[in-house]
Each structure stands twice: as structure tokens, then as C-alpha cells.
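Hello,

Here is the structure I said I would pass on.

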Amino acid sequence: MSKENLGHQEHMKIADNLGIKQGVERPLKVVFMGAGSAFFTALLKDVLSIPGADKGEMALVDVDEKRLDLAHKVGLKVVEKMGKNWTLTPTTNRREVLEGADYVISCIEVSGTECVRFDNDIPKKYGVDQCIGDTIGPGGLFKALRTVPVWLEVLKDIEELCPDALVLNYTNPMSIMCLASAKVSSAKVVGLCHSVQGSSHDLAKYADIPYGDMKWKCAGINHLAWFTDVTYKGQDVYSIVLDNLKKDKTLLSKDPVRLQILKEFGFYVTESSGHFSEYVPYYRKRQDLIDKHCGEKYLGESGFYAESWPIWRKNQDKERIEMIAGKKEIPTERSWEYASYIIEAHETNKPFIAHLTVPNTGLIDNLSQHGVVEVGCIIDQNGITPTHFGKLPPQCAALSASHMGMYEMATIACIEKSKEAAVHALMLDPLTAAVCGLDEIRQMTEELFEAEKAFLPGF
């Protein structure tokens, strides 16, 4: 017997002793909420890529029948191309398919593109200039006010029909969604984002080092987590990046806001420059600052999301039509999105570490213990176990904490359907407070409520 075979057999013995399975050993039932979303095709082929997951059912739920039909048809193409024995069940009624679900992946979007211009244009009148506006600020708040009440109704159905399911939420505003879940629901909810994966690769690129050789620690809150310890062969990666910034005068323009934050605060943060520019009071309160620090598209373009989202939606539908017609290649390579790896680890007991949004049960010492945080979590057959991080650098904790107060008030507004709490949330928002007086914030909030009242029942 060869050494290679002997090594494999020994590995199998160890795996057996630990209860580790080499692949999924049962048909899975996954419910995908918001099948019309851009995540659907990627996450479907990711789930089908899990070793052993050769058969199962994925229920596709969406209130938009046309886009649900497109998702179903392109999903069938994915299943066929990957040679899997999965059933896809499309429905506009989630209660028809939730019973017995092992996993629920949520990518819901309430109101579609119908409020994106209100979210951007009304605050702009008051001087609040947003690039993305779906997580913090007026846009993030009103997306939460529209989305969280519906989300909590979904969670009630999950509690009743599949209480043991792991619920994997991708919908923004992530922290508010997960905080609301923690406050009122017993469902097993965690928040998933790809900003940690993407940002860690960015750091390796700016340092010009192999990603696989870089070691790092990261924690904070979603979109505002910090790489606190980053090394390459024992060397501080930040010193390499800062040295590269001096050598290459074009490097700063590739990630202008985050690289300046690194220079001034000493640590790199997990959200794109454009999105992060609206998280802090430094970059978008005057046009000269926007011109100096912000670039095109995700580098900080004013109104980028409001202008682009409706176009992205149309292009995505067009792309799915082309895939269905065989005119566009259907990708089958597994992505780095966490969802399928969480499912695999939970089914096989092969531990996997993901950075997820969870309640701060003593995980980050110097952030509010009443909020939610983003930390490394271990996933295995026992479920999802968050790990203790300790303390963030104080300047990083302070920036993250400034958001947590706003998220707390926004969550209260969503749960209690309180306009007054919504006003207070925007009064605590870092960018809005940097631009507007209290009376202007109240007036702006009232104007947004009036414009979006058809999408905010009960407020």
C-alpha cells in the first residue's frame, strides 16, 4: 500500500473518530426567500457544489411572479448543468414550503426599486449626500423601516413551521435586521456578508503579497469591522501597505477613503470606500470633500445606488433570460459566499470559520452588549458558535459604537412602528448629524415618511 493511500486511510480513521463526514449524507431542504435577488443563481450553484449534496429540494419564494418564474427557469438550467437531482419548488406563499426546512436563506427586498429615489433625493435636498444609502443614513433607515416589519413576520412563520432551521440573512441593513431578530425572535438567525472576504483580499493586493500567506484577525460590526492584526511571515502588513502608498502615488486613488482611514486610524475597515464614506462624518458633508476623497461608482459617486439599482435589476433579468435561452454561459464554480460552507460544516461536522453578525454576548468587550457585532464564528454539527474577540482598538470601537446607537433606535422604530424613534435614529446618524440641524432632521424624516407612506403601513 502506498504512503499516499495509507495517509488517506489514517485521515479517514481520524475523521470517523471525530464524527466528521466526508460529505452530506441526506437530502436537504433549503428555502430561498427572495429568489428574484441577484444572489440566487450564485447561491444555488454553491449549495449544489457541497460534497454529497446530490439531491434535495430548494423552495424558491418571491412575491414578484415574473421574476420568480425567471429564477425558477434559470435554476432548472443550473441543476441540469451540474447534474444534480434537486427539485426546485417556486411559490409566492412562503408558508407552503417552510415546513421541514433545514436552512432558510433570506435575500428579501421590500418595495423593490420603488423607493430608491425617495431614499436618495429627499435627503440630498437637506445636504445629506449618499453613495449607496442602504445600511446607514436616511436611505438605510427607511430601507429598515420598510423591510424589518416584513422580516419579523417571516421569522414568525419560521418559528412555527421550521424552528430548528438555520436562518442565513443576506438582506441589508444587516445590523438592524439581525438586531431586530435578536430582540423579538427565537429563530436561529445569523447575518452573512462578503465584505470581510473581499477586504482581506484587497489588503493582500495593496501589500503585494500572496493572500494565502497572510494572517489576520477581524471584528467589529457589519461594514465597520476592523483588521486589527495583519501579518505576513511575521511582518506587519500595514507597514508594507503604508510604504507602498509612499512609493506608488496612484495607490491611494484605488481605495481613497479606506486607505486614508488606515493612515489616520491605524487600521483597515471592511467596507468599500464609497459606502464607508457615508458611514463617518468626514467625507460627504461638503462638496469639496466629496470631490477630494470620492471617485466614481463604488469609490463614492453621489447617488450611485439610486442611479444604478434599477439598471442592475433590468440587466439581471436580461441575463437570466439569456441563460434560459442558452445564449449566456451558466457559471458552476463555487463562490466564496459563506452560505454553502455553513451548510456543509453543519451537515458534515467539518469545522468552518466565518465572520457573521450575531448578538454581542460578551464577544467584543468594548462595544455595547445590547447590540450585534461581526466576529469569527465556528460552524460544525452543533450549529454556529461565536468566538470571543476581546477589545477593539479604542478609536475603532468608538467609530463602530457611534453606529450602534443609531441601529438601536432604528430597531425600536421598526419594531414599535414609531416615527419618533425614527427621527431620533437619524439624529444619531453620523453623516446626517454632521450636515443637518435637529429641526432639519425632523423635517426631512417627516418628508420621507410622507413620500413612502404607501410602503410603511402602521407607522
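A residue is called buried here if its relative accessible area is under 20%, exposed if over 50%, and partly exposed in between (1.4 Å probe, protein chains only). This is a predicted model, in which local features need pLDDT of at least 70 and side-chain atom pairs count only at pLDDT 80 or more, while totals for chains, interfaces and linings use all residues. Residues are numbered from 1 along each chain as its sequence is written, and side-chain values use heavy atoms, with hydrogens and water left out.

Helix H17 covers residues 438-451 (helices are DSSP runs of H or I with at least four residues, strands runs of E with at least two, numbered from the N terminus). Its buried residues are Ile 441, Met 444, Thr 445, Leu 448 and Phe 449. They span an arc of only 140 degrees around the axis, so they sit on the same side of H17 (the arc is taken from the directions from the helix axis to the C-beta atoms).

The whole structure holds 18 aromatic pairs. Rings of Phe, Tyr and Trp (its six-membered ring) pair if their centres lie within 6.5 Å; planes under 30 degrees apart count as stacked, over 60 as edge-to-face and the rest as tilted. Tyr 238 and Phe 267 are edge-to-face, because their centres are 6.1 Å apart and their planes at 85 degrees. Both Tyr 238 and Phe 267 are buried. Tyr 341 and Phe 352 are stacked, at 5.4 Å centre to centre and 25 degrees between the planes. Tyr 341 is partly exposed, at 23%, and Phe 352 is partly exposed, at 21%.

Regards

Technical notes: Expected span 1.5 Å × (residues − 1).
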